[in-house]
Amino acid sequence: MRYISEDNFFALLGALRSDYEVYVPVKKGDKRFYKRFIPPTVQPIEGKKKDGEVLKPAQTDDIVIGEVRPVEPLKAFFYSAREVVAEGFKDYIPHSTDKPFAIVGVKACDLKGFKVQDYVFSGKGRSDSGEKDGDYRDPLYIKNREQNLIIASDCTCAINTCFCLALGIKPHPQEDFDINLSQIKGGFVVESGSPKGERLIKKHSSLFEEARQGYIAERERLRTGVIKEVEGNIKENHVPHQDLYKGIIAKNIESTIWPDKAKTCVECGACNVICPTCHCFLLYDQKDEKRMERLRIWDSCMIKDFARVAGGANPRPKLWMRLRNRFEKKFDFFPKAAGIYACTGCGRCISACPAKIDIRDVLKELVGNV
Ligand code: SF4
Ligand code: SF4
C-alpha cells in the first residue's frame, strides 16, 4: 500500500496528460460532473496579486476525488452515446481523441457496472463468482477497456439515493480499477489493482511513499463511517437486500404494481441512459456528402418504438409492459443469463426520473408481494 500527497497527486495527473486525456470529477452546486483536467496555472486575471503578478486561482479547486459518483455514468467513456461503428469520419464522435482516457475518481457502484457491460460487449463472465460468458465481442468497447486507465476512489460520503450495499457493493472499490485512492487528511492511500496500475506507480515512484499504519487506520475509520451512512439510507427507505430478489419478477408478472407505477411515467428514457448497466443501442445509417456510414446510439426500452418490428407489431405496446420489462431485464433476465443483477444501487435513475418513480419503492413492493 502506498501514499501520495495531494500536491504529488496533481503532479501525477499533469504527467498522465502526455499519454491520456485525463478526466476528473468536479463539483457544481450539489452535483458532480466529469471534466477534462487542466493543471493549475498562473495566468493574469484581475484580482489577487502576489509578488507583483496577478494570479488566477488554482483550477484544482472544484475537483472532488472523494464524495460520491458523478451524474454521468462511467459507460460514456467506454461506449459513447453516439459513435460511428462502420466506415465513417471520426469527427462525428463527440469526444473523439487519439489518446485513451484516464478517468479519475471512479466509484465502486460504477465499477460494478462493468460486470454487466463486459458481459454484453466483451462476452466476459466471471466463472469464479458464478457469472457466465456472453457470446458477442465488440471491438470498440474491448479496445476502450484495454486502453483506458481507471483511477478509482472511495466514496467519502453518501447521498440520500445511494443504496449500493443492498446490492452487495461496498462504497469503496474492491476490483476493476488500475489504482484506487482513499482520501485521508493531506493526501491519499493508494492501492494498485492491475499490472497497468502497478506499472504506473513504478514509473512515477518518486511521487509515492509507503503508506504508514496510521494512514491505513484512518482509511478504515473513514470507510466504516460511509458504510454506516449508506446503511442508514437503506434502513430509512426500507430498501430490501438482494438476497430477497430471487423470483420477484416471475411472482409479480401480472401484478397491478406495473400499471400503478407507470401512471406518471412520461416515457423520456432518462432512467435508461443515466444507468451504468443499461446498454441497449440503436444502429442507424446516415448519409454523408460522399458516403453512407453506420452509427450506434444509446436506446431506451421505455420508449414505445424500442421493440417495434417492421410491419408495426409491438410486443410491448403499453407503457406498463415496458416498465415491467425494464425491471425484468435487471432482476430476472440478467441473473439468469449472466449470474448478476443489472443494478448497482447508484440511485441515478431515482434522481433523473421526472415522474418520481423510485426503484427502491418498486423493489420494496415486489419483495413485499412475494
Ligand atoms: S437501475 Fe437505477 S439504481 Fe440501479 S444501477 Fe441503474 S441507475 Fe443505478
Ligand atoms: S425516467 Fe421515469 S418518466 Fe422517464 S422513462 Fe424512466 S420511469 Fe418513465
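The following sections describe a predicted model.

Eight strands make up an open sheet of mixed pairing, arranged in the order 3-2-7-8-9-10-1-11. Its edges are formed by strand 3 (31-36) and strand 11 (208-210), each of which pairs on one side only, and neighbouring strands are turned against each other by 30° on average, direction ignored.

Within this arrangement, strand 8 (residues 149-153) and strand 9 (residues 179-184) run parallel and are joined by three bridges, with A152 standing opposite N180 of strand 9. Helix 1 (residues 6-16) lies across strand 1 (2-5), strand 2 (21-28), strand 7 (101-106) and strand 10 (187-192), and runs at about 90° to strand 1.

## L319 in helix 9

L319 belongs to helix 9, which spans residues 319-338. Because 19 other C-beta atoms lie within 10 Å, L319 is classed as partly exposed, the threshold for a buried residue being 20 or more.

Leaving aside residues up to four places away in sequence, L319 is in contact with A262, C265 and E267. The C-alpha atoms of L319 and K263 are 8.5 Å apart, although 56 residues separate them along the chain.

## Ligand surroundings

Ligand 2 is surrounded by 13 residues, the closest being C265, C268, C271, C353 and A355; by class, this shell has 11 nonpolar residues, one polar and one charged.

Around ligand 1 are found, among others, C275, C343, C346, C349 and R348, and the shell there consists of seven nonpolar, four polar and one charged residues.

Definitions and conventions
Residues are numbered from 1 along each chain as its sequence is written. Chains are lettered from A and ligands numbered from 1 in the order in which they are written. This is a predicted model: local features need pLDDT of at least 70, side-chain atom pairs count only at pLDDT 80 or more; totals for chains, interfaces and linings use all residues. A residue is near a molecule or strand if its C-beta atom, placed from the backbone, lies within 6 Å of it. Ala, Val, Leu, Ile, Met, Phe, Trp, Tyr, Cys and Pro count as nonpolar, Asp, Glu, Lys and Arg as charged, and the others, Gly among them, as polar. Helices (H or I, at least four residues) and strands (E, at least two) are DSSP runs, numbered from the N terminus. A residue is buried if 20 or more other C-beta atoms lie within 10 Å of its own, exposed if 12 or fewer, and partly exposed in between; C-beta atoms are placed from the backbone. Two residues are in contact if their C-beta atoms, placed from the backbone, lie within 7 Å. Two strands pair if DSSP finds at least two bridges between them. Axes are lines fitted to C-alpha atoms, for helices over the stretch in contact, and angles run from 0 to 180 degrees between N-to-C directions.
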